[in-house]
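Let's take a walk through a protein model together, one piece at a time.

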Amino acid sequence: MERSCITTKKTETAIEPFYQKNRKRAFEKVALFFVFFILTLILVAAQHLVIFSIKTLINIGVNIIACHASITLFNKSFIPFEKPNICSILNIFQCNLPKKNIFKIDLSDIGISYFGTAIVVSLLFPTLYPELSVYYILAIPFSLWSIFYQWIWIKKICPYCTIIQILVLFLALYNLEFTFGGCIRFIDVIAIAVIFMVLLLLIETLYRPYYENIVALFENTYNLNVCKTKLIKQKLNDKRQGPIYDEAPHDIELGMECASNNLTIVINLHCHSCGVEFIKSYNLLKLSRTVKTKFVVACWSKEQKYDFSILLSLHTPTLPIDKLIFDWFYFGREKFIKHYCKKNKSKDSTKNYIILSHYKWFKNNHIGETPTYILNGEKLPSGITILDIINAC
């Protein structure tokens with residue numbers, strides 16, 4: 001297998017440039033909306049605080065507990081690779097299973113919207129308790145069905161769903177006196193239902209898609225890493241007559257001598273990607289028992305040769321060259337020179353020979369990009385990371 005190509009389907013959840021920045025902006029939009037919404041509730045509710053009774057506060061507290069349980073269930077529905085279909089009826093309502101089309105609504109979304117609406121009405125319109133009691137009673141059939149479905153029909157119990165449905169029944173019975181003792185205006189009941197639908201629409205169009213994209217991206221990344229690991233293992237199992245690339249110089253080495261795999265990493269002291277990979281994998285490569293790593297430093301230009309000579313001149317038995325490279329990438333060129341070049345440089349006369357050996361290796365093997373990874377004499381495709389190599393080995 002001379003060349004391998006990994007093809008992935010292009011979707012909106014694929015890894016995109018500036019991923020972290022885009023996710024941060026999306027999260028800020030969602031968080032800003034809910035913070036503004038909660039602050040508005042607090043400010044408006046403060047005006048009605050005088051007429052809040054003990055019973056009203058109990059209702060609000062129970063709704064908050066139930067809403068928290070619904071949010072917990074919502075978060076559990078986004079555990080990658082774990083999507084059990086526990087609560088369902090005619091494939092319309094799904095629990096712990098992200099919806100596949102517009103007709104499927106997650107039960108946790110309904111719960112958040114239902115109890116969120118009750119909290120909003122309780123805080124902003126405490127005089128609508130007769131209508132709110134009707135709102136609670138209308139949910140009784142759904143709660144009884146959910147308990148029956150879990151405990152008797154499929155005999156698979158979701159503790160969060162059970163707690164939520166019990167709290168719904170409690171609210172309906174606890175406020176039953178309002179239904180018969182108060183004057184109910186059906187226009188107010190419809191208004192409460194509209195608030196519920198608006199909250200549900202916001203969750204379905206704003207909050208849930210954000211998390212679905214995160215989970216899909218995680219799974220796509222995981223599957224891509226699996227493909228890369230298989231590719232590396234296939235390279236390891238390939239039987240070849242001899243190495244394609246020359247053996248790297250022995251000046252910069254990491255790993256145990258007993259390691260069964262030889263890895264050559266081509267780095268550039270001015271390459272940001274090289275620095276990130278080196279810092280992330282330095283300790284793993286140093287302690288690896290399966291990979292013996294040699295580093296070749298790019299010496300294409302005079303500036304590269306000069307910077308490499310700085311590191312070589314600072315090299316001492318107590319300050320190995322690999323530690324100097326780590327600090328170079330970690331602190332950056334200016335801070336590194338400012339800190340280390342105050343010290344006396346070692347008078348190592350072999351540095352020119354080392355630079356020349358690295359230059360000749362580049363020239364003979366025609367390497368033109370960094371970082372480049374050569375495992376057991378064979379160059380690996382771009383997109384492979386050092387951690388992928390270590391995991392595969």
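Let's begin with a pair of helices. H2 and H6 are roughly antiparallel to each other, because the angle between them is about 160 degrees and angles over 145 count as roughly antiparallel. Their axes lie 10 Å apart, and their crossing is left-handed. To find the pair, look for residues 54–76, which form H2, and residues 159–174, which form H6. On the H2 side, the residues that meet H6 include Ile58, Val62, Ile65, Ala69 and Leu73. On the H6 side, Ile164, Leu167, Phe170 and Leu171 are among those that meet H2. As you look at these contacts, remember that an α-helix has 3.6 residues a turn, so residues three or four places apart point the same way.

Now step back for a moment. What you are seeing is a predicted model. The protein chain contains 14 helices and eight strands. It has 393 residues, of which 43% count as buried. Among contacts with a separation of 6 or more, 79% are between residues 24 or more positions apart.

Next, find helix H9, which covers residues 272–287. With its 16 residues, H9 reaches 24 Å from its first C-alpha to its last, close to the expected 22 Å. Follow H9 along and you will come to a kink of about 55 degrees, centred on Ser281. Is Ser281 buried or exposed? Ser281 is one of the buried residues of H9, along with others including Cys274, Phe278, Tyr282 and Leu285. What covers the buried residues of H9? The cover includes strands E4, E5, E6 and E7, together with helices H11 and H14.

Strand E7, at residues 372–375, leads us to our last stop. In the loop between helix H13 and E7 you will find both His366 and Pro371. Here is some background: most residues other than glycine have a negative phi, and most peptide bonds are trans. His366 is not a glycine, yet its phi is positive, about 55 degrees. His366 is also exposed, with a relative accessible area of 68%.

Technical notes: Residues are numbered from 1 along each chain as its sequence is written. This is a predicted model: local features need pLDDT of at least 70, side-chain atom pairs count only at pLDDT 80 or more; totals for chains, interfaces and linings use all residues. Side-chain values use heavy atoms; hydrogens and water are left out. Helices (H or I, at least four residues) and strands (E, at least two) are DSSP runs, numbered from the N terminus. The expected span of a helix is 1.5 Å times one less than its number of residues. The bend at a residue is the angle between axes fitted to the seven residues ending there and the seven starting there. Buried means under 20% relative accessible area, exposed over 50%, partly exposed in between (1.4 Å probe, protein chains only). Contact means heavy atoms within 4.5 Å. Axes are lines fitted to C-alpha atoms, for helices over the stretch in contact, and angles run from 0 to 180 degrees between N-to-C directions. Angles under 35 degrees count as roughly parallel, over 145 as roughly antiparallel, 65 to 115 as roughly perpendicular and the rest as oblique. A crossing is left-handed if the near helix is turned anticlockwise from the far one by less than a right angle, and right-handed if clockwise.
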